[in-house]
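Q: I would like to learn how to read the features of a structural model, one at a time. Can we begin with the one I would ask about when looking at a side chain and its surroundings?

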Amino acid sequence: MTGPAQQDELRSALRFDSTVPRAMVHRAAIAEVFLTDSRRVPDRADTYEVAAQLPRAHIMGEQSGTHDFLLLIEMLRQAGVFLAHAYEDVALDESFIFRHLQTEVRDRSALRTGDRPARAVATLTVLPQRKRNGRVQAIDFSGTLAIDGKDALRCSGGLAFFTRGVYHALRDRRRSTLADTLGALPTHVAAAPASVGRRDPYNVVITQPLAAGESAFAATVLSDTTHPHLFDHQLDHVPGNLLLEAARQLAAASVSSLHAISATGLQVTAMDAQFHEFAELDLQTRAVARVEQFRLKDSLHTLVVPVVVDVLQQGRAVAAFRLEVAQ
């Protein structure tokens with residue numbers, strides 16, 4: 001006799017017992033691979049289901065009661081990259097960058113952790129953008145993420161892919177324009193973990209935020225290249241997931257300061273991320289948050305606080321985020 005979990009697995013035809021090859025999701029550590037399987041949705045040539053196991057114990061998963069926002073984003077990132085390689089013939093040695101990513105929580109109860117690793121399934125419709133020779137140069141995707149059978153998130157995103165030669169040419173051109181300004185950065189002191197919604201000092205990626213005008217706060221972004229998740233492998237730029245985490249930490253700290261709410265009790269319920277340029281590791285990175293007014297989120301029946309975060313290098317926006325946070 002099979003139990004509910006086994007019956008669900010048989011119905012979905014998705015496996016959760018081993019991970020996909022790490023090269024398919026651009027990860028060096030096997031422990032950082034969340035995806036386990038995929039399949040094309042019957043009668044939908046452009047739609048896929050991607051299965052993953054969400055870890056209960058992870059360096060970023062400090063809030064034991066809920067799945068960490070950054071780990072959910074990482075699963076979606078892996079899903080987008082995997083679909084490009086597995087179904088759109090993007091070569092494994094091609095580099096990628098996130099162009100944009102949007103998420104919106106549909107059911108906060110679906111984000112709660114249970115007594116076993118959670119089974120997540122992203123159902124994504126993929127729209128490839130091809131050159132004249134047929135090569136995929138980018139994909140857009142949109143869909144939903146379900147956790148243990150409950151709809152958790154609505155999501156969409158876009159990735160661009162580059163051959164190794166094109167990627168190096170892009171980076172060399174960008175770096176050559178900055179040659180006179182690059183160099184060693186001063187050593188900054190990280191913020192107190194609790195003030196940015198973290199417990200482990202190792203996971204703090206900004207300095208203590210300071211007031212920067214009415215309802216605005218600013219901090220310096222810190223890039224610890226030894227971090228096993230944020231820098232799973234060597235990179236020549238500040239990764240998008242670190243910028244996302246910096247935006248989240250600054251948003252939590254800003255709302256906490258303005259409204260006397262514990263930063264550790266704040267949860268991201270929606271996010272719109274736009275990545276404009278590469279963020280260089282050897283340029284100072286500044287994040288500025290502007291906190292907007294509380295509003296009622298009808299779909300979640302709760303109050304949320306919108307926060308706009310701009311990430312700047314040399315006064316230019318390299319990324320922009322709009323987040324909604326709630327207790």
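Q: Is F321 buried or exposed?

A: The model is a predicted one. F321 has a relative accessibility of 2%, and because buried means under 20%, F321 counts as buried. F275 is also read this way: at 15% relative accessibility, F275 counts as buried.

Q: How are the rings of F275 and F321 placed relative to each other?

A: A pair of aromatic rings is described by the distance of the centres and the angle of the planes. For F275 and F321, the centres are 5.8 Å apart and the planes stand at 85 degrees, so the pair is edge-to-face. F275 belongs to strand β9 (residues 267-275) and F321 to strand β13 (residues 316-326), so the pair ties together parts that are 46 residues apart in sequence. With F98, these two residues, F275 and F321, form one aromatic cluster.

Q: How many aromatic pairs does the structure hold?

A: There are 5 aromatic pairs. One of them joins F96 and F161: the ring centres are 6.5 Å apart and the planes are at 45 degrees, so this pair is tilted. F96 lies in strand β3 and F161 in strand β6 (residues 150-162), so the pair ties together parts that are 65 residues apart in sequence. Both F96 and F161 are buried.

Q: How does the lining of the largest pocket divide by class?

A: The lining of the largest pocket comprises 20 nonpolar, 9 polar and 12 charged residues.

Q: Which ring does the charged end of R171 sit over?

A: The ring is that of F278, with the charged end of R171 at 4.5 Å from the ring centre. R171 also takes part in a network of salt bridges that links R171, R174, R175, D236, E277, E280, D282 and R316.

Q: How many salt bridges are found in the whole structure, and what is one case from that network?

A: Side chains of opposite charge can pair when their charged atoms come close. A search of the whole structure finds 29 salt bridges. Among them is the one between D282 and R175, where the closest N and O atoms are 2.8 Å apart. This pair links distant parts of the chain, with D282 in the loop between β9 and β10 (286-291) and R175 in helix α3, 107 residues apart. At 28% relative accessibility, R175 counts as partly exposed.

Q: Where do E245 and R248 lie?

A: Both E245 and R248 lie in helix α4, 3 residues apart, about one turn of the helix. Their side chains meet in a salt bridge with an N to O distance of 2.6 Å. E245 is buried at a relative accessible area of 1%, and R248 is buried at 15%.

Q: What do the side chains of R322 and E292 form when they meet?

A: The side chains of R322 and E292 meet in a salt bridge, 2.9 Å from N to O. The pair links distant parts of the chain: R322 is in strand β13 and E292 in the loop between β10 and β11 (295-297), 30 residues apart. R322 counts as partly exposed at 35% relative accessibility, and E292 counts as partly exposed at 33%.

Q: Turning to the backbone, what is the phi of A260?

A: A260 has a positive phi of about 55 degrees although it is not a glycine. A260 is found in the loop between α4 and β9, and at 75% relative accessibility A260 counts as exposed. H301 also has a positive phi, near 55 degrees, and is a residue other than glycine. H301 is found in the loop between β11 and β12 and is exposed, with a relative accessible area of 72%.

Q: How far apart are G315 and D148 in sequence and in space?

A: G315 and D148 are 167 residues apart in sequence and 44 Å apart in space, C-alpha to C-alpha. G315 lies in the loop between β12 (302-313) and β13, and G315 is exposed, with a relative accessible area of 65%.

Notes. Residues are numbered from 1 along each chain as its sequence is written. This is a predicted model: local features need pLDDT of at least 70, side-chain atom pairs count only at pLDDT 80 or more; totals for chains, interfaces and linings use all residues. Side-chain values use heavy atoms; hydrogens and water are left out. Ala, Val, Leu, Ile, Met, Phe, Trp, Tyr, Cys and Pro count as nonpolar, Asp, Glu, Lys and Arg as charged, and the others, Gly among them, as polar. Rings of Phe, Tyr and Trp (its six-membered ring) pair if their centres lie within 6.5 Å; planes under 30 degrees apart count as stacked, over 60 as edge-to-face and the rest as tilted. Helices (H or I, at least four residues) and strands (E, at least two) are DSSP runs, numbered from the N terminus. Buried means under 20% relative accessible area, exposed over 50%, partly exposed in between (1.4 Å probe, protein chains only). A charge sits over a ring if NZ of Lys or CZ of Arg is within 6 Å of the ring centre and within 35 degrees of the ring normal. A salt bridge is a side-chain nitrogen of Lys or Arg within 4 Å of a carboxyl oxygen of Asp or Glu.
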